[in-house]
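User: I am new to this structure and would like a close look at a single part of it. Please take me through the sheet in chain D, step by step.

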Amino acid sequence: MDWQRLQTIDRRWIYLVIWLVVMVPLIVPFPIKPKASPPVERLFNYIDTMPPDKALVVSFDYSPSTQPELQPMTVALLRHAFARGTRVGVLALDVTGLGLAEDALRQVTAEFNAHALTHEDSIINGEDYVFWGWSTPAITVMLGMGERITKVFPVDYYGQKTESLAITKYIKNYDDIGILVTVAASAIPRSWINLAQTQFGVRLGCGVTAVSAADFYPYLNSGQFTGMLAGMKGAAEYEQLVADKLKESGRDWRLRGKGTEAMSSQTAAHLAIMAFIILGNIAFFATRRRRK
Amino acid sequence: MRRRLPLFLVFIMGLFGAFAFFVPHPPVRQIDEVLRNDVIRIIGALSLVLGVGSIIRHHFIKIQRKAEHWPYSYITIIALVVSAVIGLFGGIDPNRPGILPTQVGSFSFHIQTIYVNMMVPLAATMFSLLAFFMASAAYRAFRCRNLEATLLLLAAFILMLGAVPFGRMISRHLPAFAEWILAVPNTASKRGILFGVELGVFATSLKIILGIERGWLGGGD
Amino acid sequence: MSISTDPWVWIAAILTLGIFSFLYKENPFYRFAEHLYVGIANGYAITFYWHRVLVPTLVDPVSHGQKLWLIIVAIIGALYFTRFIPKVSWLVRIPIAIVLGYSTGASIPRAIDAELIRQAKATIITRASFANWQAGIWAVIILLGVIATVSYFFFSAEQKGALRRLSYAGIIFIMIGFGASFGYTVMARISLFIGRLQFLLSDWLGLIK
Amino acid sequence: MLSLEIGHADSDRYLRDNDKIILTPVFFRLNFGVPIPLAVLLLTTLLAPPADVRARDVPNDEGKNIMVTWSPSPDTDVTGYLVLRQTQGSEIWETLGFTGPLVHRFVDDGAVDGTPYAYKVLAQSQAGTSESEPSAWAKSSAQWFDTGTLPALIGTGIFAFLLLYFINRAKKDKSLFIRRISGLDAVEEALGRATEMGRATLYVPGLSTMSDVATIASLNILGEVAKKTAQFGTPLIVPNADPIVYTVAREVVKESYTAAGRPDAFNEDIVFFVTDQQFAFAAAVDGIMAREKPATNFLIGMFWAESLILAETGAATGAIQIAGTDAVAQLPFFITACDYTLIGEELYAASAYLSREPILLGAIKGQDYSKALIIGFIILATGLALVANIPVLRFF
């Protein structure tokens with residue numbers, strides 16, 4: 001074998017391999033069943049055992065640039081809530097997150113309504129969920145929601161008066177919220193702690209990008225975040241937990257999990273890079289020995 | 001005058017910038033806020049004209065000299081002018097249209113539409129090239145040449161293993177070990193580097209304010 | 001399979017492929033995307049600086065007769081253009097001096113306060129660090145690592161004897177840290193590429209749904 | 001219900017006497033033999049008010065702020081607190097704001113300095129509200145020195161002294177030592193290679209503005225590099241991502257060409273601006289690297305995620321690459337993809353190293369002593385904390 005040539009291989013071969021190992025699993029998925037790490041499991045378990053009258057609130061605090069990592073999380077969270085009949089409130093603190101929230105809600109409600117037979121099964125806007133929309137500044141939203149949410153969002157994203165929505169009766173302020181999950185690529189989760197949690201004691205969870213996860217571990221360890229989803233891996237683990245739950249309750253719908261799907265690409269890409277490193281070193285040692 | 005006035009200004013402004021950090025009294029705070037929010041921003045925004053002038057000139061020279069690939073210079077100039085006209089006259093806020101219509105039938109060419117459908121995908125794609133470049137950089141650089149290079153390689157390897165489900169299959173403790181590397185040796189080295197960097201920033205800033213370092217003045221007298 | 005009919009999706013897809021083609025080699029397709037990108041980026045910057053900076057901070061107040069002193073600021077900013085007039089071109093140094101002076105001055109206490117003092121404080125070991133023995137050992141390792149790393153950056157002393165050994169230990173820490181940062185970032189970068197592929201395969205080609 | 005009546009009054013014009021008027025009958029009736037169950041009912045629906053409301057000026061600020069603190073109502077069903085303010089000489093209580101049930105402090109940021117104010121706090125629950133006694137009068141004032149910045153002031157003073165002392169000494173003692181920095185030793189070799197190959201040299205002074213000190217350090221190095229390219233007659237390409245940096249870079253390069261005795265070799269197209277958008281700039285520089293194939297690339301200054309995009313493309317074109325940045329997050333990528341990397345402070349030592357100017361070398365010595373001081377301080381503080389159990393962290 002020509003080790004010397006392998007050492008100075010045209011990098012385009014490497015690019016081609018990376019391209020293929022990422023793309024093929026997206027088209028032909030070979031699902032790797034992810035095993036949930038403790039922070040993901042804690043978030044799932046909390047939401048799963050929350051009193052039925054408490055709502056889940058998802059705050060879309062990210063922009064399209066981090067969508068590949070974060071959108072699967074919000075989708076999985078919505079699925080989880082609807083699967084157990086939990087009421088859901090949705091808002092966005094990043095104005096570009098509005099479109100992402102709308103996409104996620106449209107997707108997940110369609111998934112559930114496609115299998116709905118009765119009014120009870122259906123997911124209905126204003127009854128089972130409310131999309132408050134966006135407001136600024138963040139501090140006013142975070143504090144105002146502790147007093148009365150309809151004051152912060154007098155009309156919802158679709159222009160309906162929030163006071164007139166059936167769901168408003170059940171979600172008035174933080175007291176009615178079982179957990180609020182902020183999904184963000186910025187420092188916003190910290191503001192949720194500093195304002196909403198220290199002032200009103202609302203329970204928080206977060207979903208963050210892989211790169212920023214290290215910054216949030218201290219808050220997870222101190223219990224300020226009940227759980228955390230970090231990067232695509234976190235999203236994939238949550239998707240799997242939700243899929244298992246749906247299957248258990250006889251709803252084996254095989255919904256598309258962008259996180260899980262991407263995880264096989266991620267694993268393949270990581271293994272490929274590691275294989276390259278190993279190969280490079282074998283070639284390196286082989287040529288060095290020959291030189292001696 | 002030509003050198004002294006700028007040096008004097010740097011000294012005064014620098015002194016004030018540092019002073020404002022320690023003094024919260026209203027006149028100082030207010031001036032500081034005005035400097036930051038108005039003066040620096042306006043001066044900065046006006047400097048863009050210089051930059052745009054430079055890029056247009058750069059491409060005009062190419063076209064004039066018929067330098068290699070000169071026809072592409074037209075693309076930059078035309079794209080620049082067209083998007084600037086759309087943005088300046090069509091408005092930046094979709095809800096407050098400018099004097100230029102930005103919609104033909106159902107087709108919108110508002111500057112935000114251009115931003116979302118051209119700049120965002122271009123930026124995201126440039127950014128995603130890193131997936132490939134990390135692989136090729138790792139392949140070339142991560143060789144066990146000596147102890148330092150080997151440690152670089154091992155640390156990267158462990159972190160990569162810890163990131164995928166495969167790592168847990170090798171050892172249950174691997175993800176935790178990866179986290180430890182990040183939290184302990186990594187923190188130590190970053191902090192050590194940071195001490196030097198901050199002192200370098202401090203020293204350079206002081207030298208500029210005191211006029212010891214004056215390379216920024218450029219040539220001439 | 002349902003290919004998108006939205007012209008903007010097509011434009012985005014074509015530009016995406018244009019950039020990716022650079023991985024094979026520099027080519028007219030990439031060159032086109034690159035030149036277009038630079039042009040639009042500048043056009044957008046002009047738009048942004050005008051509508052989001054100059055109009056609210058300068059044009060609006062002044063046209064309403066408020067903050068008239070801003071006109072002086074605008075004149076100072078306009079001194080940039082003296083660069084093109086050889087006789088008074090030195091005046092370009094005035095706006096530069098103002099921006100440079102203020103920002104370097106402001107960076108002095110902040111470098112000390114936010115970074116040096118805070119980081120030094122975090123490095124000091126107290127009895128509380130030993131609340132559990134593991135955390136205590138880690139704190140000691142961090143302290144030793146910081147000392148070793150800093151010693152690598154001693155420039156005015158010759159690297160021999162104890163200093164040489166210490167700064168070599170510093171390099172070891174630096175390399176482990178760099179390797180860890182590199183490995184840690186891989187996943188985020190692959191995610192970006194997955195995002196682009198999902199756009200191409202799903203939004204554009206409709207191959208996966 | 002009684003408690004509802006207490007809180008019923010419009011809080012914007014809330015008279016202090018209200019609660020007395022309404023509370024009196026309660027106690028009246030209690031004292032005069034109301035059936036016990038009714039009394040219990042009345043007492044439980046009554047919310048205990050917050051107590052011990054205190055107001056004081058917020059220290060170390062620009063005035064206008066008064067901090068209000070209180071002991072919470074012992075009732076557990078409190079949903080929040082409303083803070084009210086009265087200006088001396090006025091009968092009106094105005095509502096200032098709302099805090100959550102867990103927070104027992106509030107900053108009034110709308111006070112007029114020197115005017116006395118009194119505050120009271122209203123506890124709210126589903127059942128109703130109850131309010132505290134008013135606080136004593138308090139005034140806000142502005143301070144001339146923020147005592148919280150004292151450590152920074154002391155640090156600034158000590159480091160500035162060390163720096164200036166060694167700069168001063170260097171003016172007399174010219175034999176200052178500086179250790180080897182391999183990245184900078186390579187500059188000459190790298191430029192020589194470009195000359196031999198008859199190819200250009202690319203210099204990217206980072207993507208940041210002049211306010212980033214790394215940019216200034218980079219421009220100093222650019223000055224030295226440009227002198228050499230002028231001497232060797234190697235073409236130089238300097239693309240910029242900030243208009244002001246572009247202006248200064250142009251001046252610096254022009255000056256270097258003049259200093260090297262080759263003002264004729266300088267042309268306006270050496271230094272140019274590209275765009276201030278990060279990835280558009282990266283795309284353009286990648287294009288330049290791939291088309292012009294410079295023999296040497298300098299990537300020195302402040303970089304973000306584009307660091308590896310530039311460095312890997314440069315490596316692919318076969319250029320010798322010298323990088324330097326103080327952006328700790330980007331150093332791993334430069335280390336892996338470039339031939340030489342100036343790590344952190346090495347970037348700042350560079351202009352002293354290249355120019356060998358005694359003043360700059362003196363500054364380096366001052367920085368070294370400052371570092372030694374920091375390390376000594378950390379060790380000393382650790383010693384004191386561990387051996388004598390002195391709460392050192394509280395001092396700064």
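Analyst: Two strands are said to pair here if DSSP finds at least two bridges between them. With that in mind, and remembering that this is a predicted model, we can turn to the sheet of chain D, which is open and is formed by 6 strands whose pairing is parallel. Read across the sheet, the strands of chain D follow the order β10-β9-β8-β11-β12-β13. At the two edges stand β10, which covers residues 271–273 of chain D, and β13, which covers residues 340–343 of chain D, and each of these edge strands pairs on one side only. The strands are also turned against one another, for between neighbours in this sheet the angle is 15 degrees on average, with direction ignored.

Helix α9 of chain D, residues 306–316, lies across both β12 and β11 of chain D, the latter strand covering residues 296–300. The direction of helix α9(D) is at about 165 degrees to that of β12(D).

Definitions and conventions: Residues are numbered from 1 along each chain as its sequence is written. Chains are lettered from A and ligands numbered from 1 in the order in which they are written. This is a predicted model: local features need pLDDT of at least 70, side-chain atom pairs count only at pLDDT 80 or more; totals for chains, interfaces and linings use all residues. Side-chain values use heavy atoms; hydrogens and water are left out. Helices (H or I, at least four residues) and strands (E, at least two) are DSSP runs, numbered from the N terminus. Axes are lines fitted to C-alpha atoms, for helices over the stretch in contact, and angles run from 0 to 180 degrees between N-to-C directions. Contact means heavy atoms within 4.5 Å.
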